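Q: I would like to learn how to read the main features of a model such as this one. Can we take them one at a time?

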Amino acid sequence: MTEAYDGFEKWYSGCHSRVLAVLTVVSGSVDAASEATDEAFARALARWDRVRAMQSPTGWTYRVALNELRRQLRRQGKERELLQQAIAAFEVEQDCYMWLEVMEAVRHLTTRQRTVLALLYIADLPQKEVARLMRVSRGTVASTLADAKAAVRNHESTPPGKVVREDCRGGY
Amino acid sequence: MAGIEEQLKRIGAASSLRQPTPVAELRERASHIRKNRRRLTSGLLIFVAIIIFLVPLPQLHLLHGSTTSGRKTGSTIGPVGAGIPVLGEPTGAFAQGDGFGEVRPSRIYSGGDSGESLSGVVWKSWGGVRAVGSGLGKYNESGGKVGTGSEELATIVAFKLGTCHGKVMYQALEWFFPQYGQRFSPNQYENICSGTYVGRTSQPPACLSNDLTARRGPQISPATGEAALVVDLTNAGPGSCVLDGYPRVFLLAREGNELSLAQVNHSQFITAAAPRPLTLAPGATAYVAVAKYRCDLGDLQVASRVRLMLPGSGPSTALTISLSDSTASLSSCNGGSDDPGNVVAVSPFEPSLDATNP
């Protein structure tokens, strides 16, 4: 690594998996999430001098990655389609059943609700940071969170969807 | 079933869905992003320049004594109006140049050995303390404005407004490439009243990777416990150039990733002498020695290539040479950052093989 990239590799390996997981929950597609994640980290690398000096390089990366994800899905006209098929299209080999459970639980949420849940609980960011990152007020984050939890609870009380353990191709 | 909060937290703490993309690939992608950003910046600057060009300037009305709103450049404007400054005068080092002694010249050629020129110059302002414009000049990565390199949009500043030999003129001129981080420097300019360069040395330009060919140098016997190699850098360009400082050296695994090694500037085998500017005539060779201590705790990854980055240049212009199997001991080690084998020592550019040793 050159001096200009000092610290990048360590930071990247430390936060990559959470960024990818957040985007996967938001989009319902590991492929789309993976592409947006790579793009965000490449942009961070392209201006690493400035990004590493930021108060929260990871927060910046989440914002860039989420914007990129939205742009990609909109361009492909796939947002709705992907979300509807989130479970069927979801293929992971690690912790598969755990992922399927989560994807089934958030499938009926709005994009904003899924984003708030993912940033708060997967990225483990404080509400204040989530609000800043999503460019909404802290109150909006709190109310979106409450709505999301209520929606998940309501969904749990309905009969299970299409998720079956066989979807995990034998490994979970 | 656990609550959604618990489920998401478990996902956050779980292992990654996918292996992260290798940093080498991200770097490639970052390089494209930077190039696109530069293109966009240049495009915007050109757009702004065109807009400025289309705006009628009151100064021209004064010069013509007419109401035309057409824009003309100084070289075709005709007699200089009283009190309207000209751009220096063709004298001294710039006696054979173009654009000097004119108002708002559209082309400026220094006339010096370096053949620096700026064409399509559009002046945003003229007549004030400073005149500012833009034009197309040759840029190269060594940071200088020399006669070779890609044509890029440059910002030009004429300053030090005053009287020289009885004429009102801008007595200083400088241009630079802001899209590459260059800034106006009032201490480095062409004195176009006296015809001299100020704040610049007359030494040849820094060597670029395009000027050099890199190959594996002669086999050497390093100090006990060290593995080493020498890289020959031969000036294959048409003119002399200068190497100064240390190259950045990267050892690359067969898979393309960089071995995780720290770089230092001397060891048992590598000279601790400070670098000195080394002027390479065409065909002349400079030497760089690279050495590292063996891996007492075992090899982590073995290098198959060595990449050298010249001072001030980027990864896209690095010089790469392949290593034969006999250099298998150039590797990263299992002992982590404290392992003395995870440090690579690199000499400055030296004029002889002997000079790379202590």
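Q: How much of chain B is made up of buried residues?
A: A residue is buried if 20 or more other C-beta atoms lie within 10 Å of its own, exposed if 12 or fewer, and partly exposed in between, with C-beta atoms placed from the backbone. In chain B, 32% of the 358 residues are buried. This is a predicted model: local features need pLDDT of at least 70, side-chain atom pairs count only at pLDDT 80 or more, and totals for chains, interfaces and linings use all residues. Residues are numbered from 1 along each chain as its sequence is written, while chains are lettered from A and ligands numbered from 1 in the order in which they are written.

Q: What does the secondary structure of chain B come to?
A: Helices (H or I, at least four residues) and strands (E, at least two) are DSSP runs, numbered from the N terminus. Chain B has three helices and 19 strands.

Q: Which strands pair with E6(B), and in which sense?
A: Strands of a sheet pair through backbone hydrogen bonds, either parallel or antiparallel. Two strands count as paired if DSSP finds at least two bridges between them. E6(B) spans residues 167–176. Strand E1 (residues 86–87) of chain B runs parallel to E6(B), joined by two bridges; here B:Leu87 has B:Tyr170 as its bridge partner. Strand E5 (residues 150–164) of chain B is antiparallel to E6(B), over nine bridges, and B:Leu161 stands opposite B:Tyr170. Strand E7 (residues 189–191) of chain B is also paired with E6(B) in the antiparallel sense, over two bridges, with B:Leu173 opposite B:Glu190.

Q: Is E6(B) mostly covered or mostly uncovered?
A: E6(B) is mostly covered, with eight of its 10 residues buried.

Q: What is found in the hairpin of E5(B) and E6(B)?
A: Two residues lie between the strands, and B:His165 takes a positive phi near 50°.

Q: What is the strand order in the open sheet of five strands in chain B?
A: The order is E9-E10-E15-E19-E13, with mixed pairing. Strand E9 (212–216) and strand E13 (262–264) of chain B stand at the edges; each has a single partner strand, so one side of each is left without a neighbour in the sheet. From one strand to the next, the twist averages 25°. E9(B) is antiparallel to strand E10 (residues 226–235) of chain B, through five bridges, and B:Ala214 has B:Leu233 as its bridge partner in E10(B).

Q: How do H7(A) and H8(A) pack?
A: Two packed helices are described by the angle between their axes and the distance between the axes. Axes are lines fitted to C-alpha atoms, for helices over the stretch in contact, and angles run from 0 to 180 degrees between N-to-C directions. For helix H7 (residues 111–122) and helix H8 (residues 127–134) of chain A, the angle is about 135° and the axes are 10 Å apart. H7(A) and H8(A) are therefore oblique to each other (under 35 degrees is roughly parallel, over 145 roughly antiparallel, 65 to 115 roughly perpendicular, and the rest oblique).

Q: How many residues of chain B are in contact with chain A?
A: Two residues are in contact if their C-beta atoms, placed from the backbone, lie within 7 Å. By that test, 25 residues of chain B touch 36 residues of chain A. On the chain B side, H1(B) gives the largest share, eight residues.
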